[in-house]
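Please keep the sequence and the model in view while reading.

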Amino acid sequence: MDVAPVVGGSPPSLEALAKACRRGKEKKVRDMLGHEGADNLVNMPWGPGSYTPLMWAASEGHLGVVKLLVKVTGLRVDAEVGLKEWVG
């Protein structure tokens with residue numbers, strides 16, 4: 001699940017990254033995250049509801065994309081909450 005650095009080219013737009021995450025396009029997301037600075041887009045809000053790319057991937061159930069985003073950004077996820085606890 002490692003991301004290979006991309007030499008040259010410009011980083012993806014927030015919209016492109018968010019849409020790829022929402023659609024579960026893991027390879028495309030991995031390629032986009034290889035661009036310098038692209039990891040900064042992971043937690044930026046975009047689109048309806050101002051979801052971040054990470055939120056889009058999680059809300060659509062794309063676990064592979066979520067894991068990739070978490071690993072690349074170095075986020076630490078250690079909360080274990082069941083759906084019943086979360087929804088109330």
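Leaving aside neighbours within four places in sequence, Val29 is in contact (heavy atoms within 4.5 Å) with Leu17, Ala20, Cys21, Val65, Leu68 and Leu69. The model is a predicted one, in which local features need pLDDT of at least 70 and side-chain atom pairs count only at pLDDT 80 or more, while totals for chains, interfaces and linings use all residues. Residues are numbered from 1 along each chain as its sequence is written, and side-chain values use heavy atoms, with hydrogens and water left out.

Val29 is also named, with Leu17, Cys21, Leu33 and Leu69, among the residues that touch the most other members of the largest nonpolar core, which has 20 residues. Helix H1 (14-23), H2, H3 and helix H4 (63-73) each supply at least two residues of this core. A nonpolar core is here a set of buried Ala, Val, Leu, Ile, Met, Phe, Trp, Tyr and Cys residues joined through side-chain atoms within 4.5 Å. Buried means under 20% relative accessible area, exposed over 50%, and partly exposed in between (1.4 Å probe, protein chains only).

## Overall organisation

The protein has 5 helices and 0 strands; helices (H or I, at least four residues) and strands (E, at least two) are DSSP runs, numbered from the N terminus. Buried residues make up 28% of its 88 residues. Among contacts with a separation of 6 or more, 64% join residues 24 or more positions apart.

## The loop between H2 and H3

Thr52 is placed in the loop between helix H2 (26-33) and helix H3 (53-59). Thr52 counts as buried, at 8% relative accessibility, and touches Val42, Asn43, Met44 and Pro45, residues up to four places away in sequence not being counted.

Ser50 lies in the loop between H2 and H3 as well. Although Ser50 is not a glycine, it has a positive phi of about 55°. Ser50 is partly exposed, with a relative accessible area of 47%.

## Aromatic residues

The whole structure contains 2 aromatic pairs. Tyr51 and Trp56 form a tilted pair, 4.8 Å centre to centre with 50° between the planes. Rings of Phe, Tyr and Trp (its six-membered ring) pair if their centres lie within 6.5 Å; planes under 30 degrees apart count as stacked, over 60 as edge-to-face and the rest as tilted. Tyr51 is partly exposed at 30%, whereas Trp56 is buried at 8%.

Ring pairs link Trp46, Tyr51 and Trp56 into a cluster. The charged end of Arg22 sits over the ring of Trp56, 5.1 Å from its centre (NZ of Lys or CZ of Arg within 6 Å of the ring centre and within 35 degrees of the ring normal).
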